[in-house]
Amino acid sequence: MDTINHILAHQLAHNDQILANDRHVIDTLTRQRAIILCEAQDGQDGPVMHRWNLRMASLIAPSTSSPIRAIAFELLQLTYTASTASMLHQGRHCLATALNILASPKSDHALFVAALGLVQLVLAQSQWHPEWARDVVGAPVVQRTLNALVTAASNQAHPIITIASLEAIITLIPLFPTALRPVAPSIHSLAIDCIGSPSELVPLGSQLFASLYLLAPKGREGLREAWRKSVESLIGTIDTLIPSVTSDIFAEDEARLNHTLPSLALPPLASSSSSSSATPLVTLDRIENLAEVLRTVLRTPTTDRVGSVPIPLGALCELSVRLLSLHAETPVKERTDPTVVQSVISYLPRLQLVGAQLVAQTAACVGIRLAPHSHEILTTLVSTLATYAPRSPMRAMLTSTFSVLLQHLGASIDPEEGKRSLARVWRVVLEDIGAVAVEPTLVTLNKDGDVVKNGTSNTVNGGRKNKKQRTYDPSEALALSGKRPHLDGMDLEIALQSLNTLNELLSHPHSHFLPPKLQLSTSRLLLYILLTYSSVTSTSFPSTPSTVPLYSSSFKTVSNTLELAFQSPDFIPSTLTCLLTLLRTTQGGGAQGTIDLASLILGQFIRAGSSTDDRIVALARQGLAWLDGLTHPLLPPTRTDTRFVRRVREERGGDVGDVHEEILRGVEEFGLKIPVEGGEGDEMEEEGEEEEEVRLRREEKRRLQKERIEEEERQRVEKRKMEEARPKDPIFSTKAFGFNSLSTAGEGTTTTVAMTMVQQDVEEEEEEMHVDSTPALVSATIASVRHGGDNDGDDGGSSDDDGAMPTINMESDDE
């Protein structure tokens, strides 16, 4: 409140003081937020704010001079921005005064711009106060404002007034589309005049034309149809103007679009004094202006009320391909004047630039929906790219367009087509980068030391030698007497653009399937540049652009091609970025390339870490972190005492480090037998221990077998004693029939036979080296003994006669 009182009393009291203190007053109101604080302390209707509003109303009166009124309108903008209550109380009067200034053709440009700013502020804030806007800001007020702005822009009394009017119209159309529908024809005519005239108003006219569809009737469908028709009319107009530039010398000019599209009603082209027809240059300028309007329409987002709109994708692609396909090798009609042919060929790069920009904008607009047309577009790009020689600026433009296409198409294109075209463009990009590194232009130093271009590259030789491709050695330029490698600004710009394109191409999914030799060549070229930079200079790279031009006397002391390239602050960071992207995507040029070049890559990133440029240091840290992940991958911890880990280590050549104690601990814990390395004496001791262990094992088995047989014999004796103690039943004798009685079979015979068989088995076991088959033989012997002497043996399904009678009868017959 005190600040406002001080300003009213000392700086705005008299009109003569306003011109001298206007900047100070505006700065004080902005920095100290004096209006907001005064309204909070004194109230909206307080005496201080009342005095302030009265003073502003007196300053914008028509009787006041134009400079003071312009300052007053600026102060009112600050007041209404900080205090909504002041706008609601006095907005009607101030808006009427400002509209009178806009409608007057004699208004000063500074006053006009200040009044227009206040009108825009009031109309925009009225959207938040619909009841107040219904009484103050209605459709008639908006239409009156637009008519005044269209008149001011059409008259072009002053460039500032014209530009301010166009910007205001572009801002107000989305806010009041329904109210401005009656004045749509005048706005459309203004947009056509802006884009049809070769002036600086084309960008603003493009934005105005891009918003015209909002004034269409019939709801959402009408808006969508209006947007589509505007795009089709631009495409049809450009397609109609192309033959005027090419003068119909190409045989392919007879091919038009497959769609019959209308054209815009543009003003006639300016004709030259010697001819009534427009010159090709004027037509070419109009094509470029219309292409800029078309790109503006494609990249301007539609409002929520309209939503998605249909895009004539087929017509767009056909127009872009036609513009790109016109190159120096396009067939020319017969009996055409060579002078006309040369003049038309000089215009073709501009047409190709227009086509490339349309392709890139279309890809950014529709994304993967461009995939059905990708084959034709990529083929045309590659074929046009092949018509340019190395070190041509058009190569960098076409390769960057190709990278934008791949970036938006992603993996939706055909893999085979993508890999084939990507490999061709990749080689072109490497050639453009290598133009700075290994393809310098040779220049000769005259007697005064000035630079004189030789005009030809050292790889261009006459005769038959030119037919055979020759590998260039960068050291040859230094060995030539009286010559130095020359590098101009265009070569450096091409190299920087190619480095950015290479960085984009490395991120594409199809880059993994490129030939390994091409990937390895990429890493070697980048390392060559970095290694040359390391050998040329020992100081860190400057972090700010150099103000010294490339065309200076420094050419006299240049000893290497890349020295001038290193003057650019973006050359080394771009190279490091490509090398880092190459590491992340292709592992440094394939597995073998990583192994061969890992030490060089690591050295370059270590050296870059000591630079004073923050970008280089950040790239170096990322590269070192990535290389550390390759050489020392993060794996989960594993137990070194597991059987699998020990086996893997043994297969790979033994354990890593001294883990002898861990192996012994594992042997004791799990009871495993693992050979431990030792001398010849240790091996002999181990063999003796093994023989002793086998011998003890055999003796133990014999002792167990003997104890088992004795136990079975003791059980049979006890059983026989129990049977003898029982009374015997009468037994039928069979001697009369010539048979021995079964009851008289002696027990001693059976025991003797069993013992004999056991002894024979034991002796055979001692002779054999493998003792694992002994238990099976002993078990069979014990089973036969049980069958012979015991009726209740293991084999419950057989009788004593089945197992014992044949043996007993054989001894009885012998006796």
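In this predicted model, the side chains of Glu 288 and Arg 350 meet in a salt bridge, with a distance of 2.8 Å from N to O. Glu 288 belongs to helix α14 and Arg 350 to helix α16, so the pair ties together parts that are 62 residues apart in sequence. Glu 288 has a relative accessible area of 24% and is therefore partly exposed, because that category covers values between 20% and 50%. Arg 350, with a relative accessible area of 28%, is partly exposed as well.

Arg 350 also takes part in a salt bridge with Asp 285, where the N to O distance is 2.9 Å. Here Arg 350 lies in helix α16 (residues 338–366) and Asp 285 in helix α14 (residues 280–299), so this pair ties together parts that are 65 residues apart in sequence. Asp 285 is partly exposed, its relative accessible area being 30%. In general, side chains of opposite charge can pair when their charged atoms come close.

The structure holds 21 salt bridges. Another of them joins the side chains of Arg 697 and Glu 693, at 3.2 Å from N to O. Both residues lie within helix α29 (residues 680–725), four residues apart, which is about one turn of the helix. Arg 697 is partly exposed at 43% relative accessibility, and Glu 693 is partly exposed with a relative accessible area of 46%. Elsewhere, salt bridges link Asp 22, Arg 23 and Glu 74 in a network.

The chain as a whole may be considered next. The protein chain contains 32 helices and three strands. Of its 815 residues, 42% are buried. Among contacts between residues at least 6 apart in sequence, 75% join residues at least 24 apart. The chain exposes about 44400 Å², and carbon and sulfur atoms supply 54% of this area.

Which residues have the most contacts inside the largest nonpolar core? They are Phe 73, Ile 187 and Phe 209, in a core of 119 residues. Helix α7 (residues 109–125) gives the most to this core, contributing 10 residues. Apart from this core lies another, of 64 residues, which includes Leu 385, Phe 402, Leu 514 and Ile 601.

Ser 403 is situated in helix α18 (residues 393–409). Is Ser 403 buried or exposed? Its relative accessibility is 6%, so Ser 403 counts as buried, because buried means under 20%. A polar atom of the Ser 403 side chain lies 2.6 Å from the backbone oxygen of Ser 400. When residues up to four places away in sequence are not counted, Ser 403 touches Thr 501, Glu 504 and Leu 505.

The final topic is the surface. Leu 602, Ile 606 and Leu 624 form a nonpolar patch there, and together they have about 230 Å² of accessible area.

Methods:
Residues numbered from 1 in each chain as written. Predicted model: local features only at pLDDT ≥ 70, side-chain atom pairs only at ≥ 80, totals over all residues. Heavy atoms only, no water. Core = buried A, V, L, I, M, F, W, Y, C linked by side-chain atoms within 4.5 Å. Buried < 20%, exposed > 50% of the residue type's maximum accessible area, 1.4 Å probe, protein only. Helix = DSSP H or I, 4+ residues; strand = E, 2+ residues; numbered from the N terminus. Polar contact = N/O pair within 3.5 Å; in protein donor to acceptor, adjacent residues only side chain to side chain. Contact = heavy atoms within 4.5 Å. Patch = residues over 30% accessible without salt bridge, like charges linked within 9 Å, V, L, I, M, F, W, Y side chains within 5 Å. Areas by Shrake-Rupley, 256 points an atom, 1.4 Å probe, with all protein chains shown as cover. Salt bridge = Lys/Arg side-chain N within 4 Å of Asp/Glu carboxyl O.
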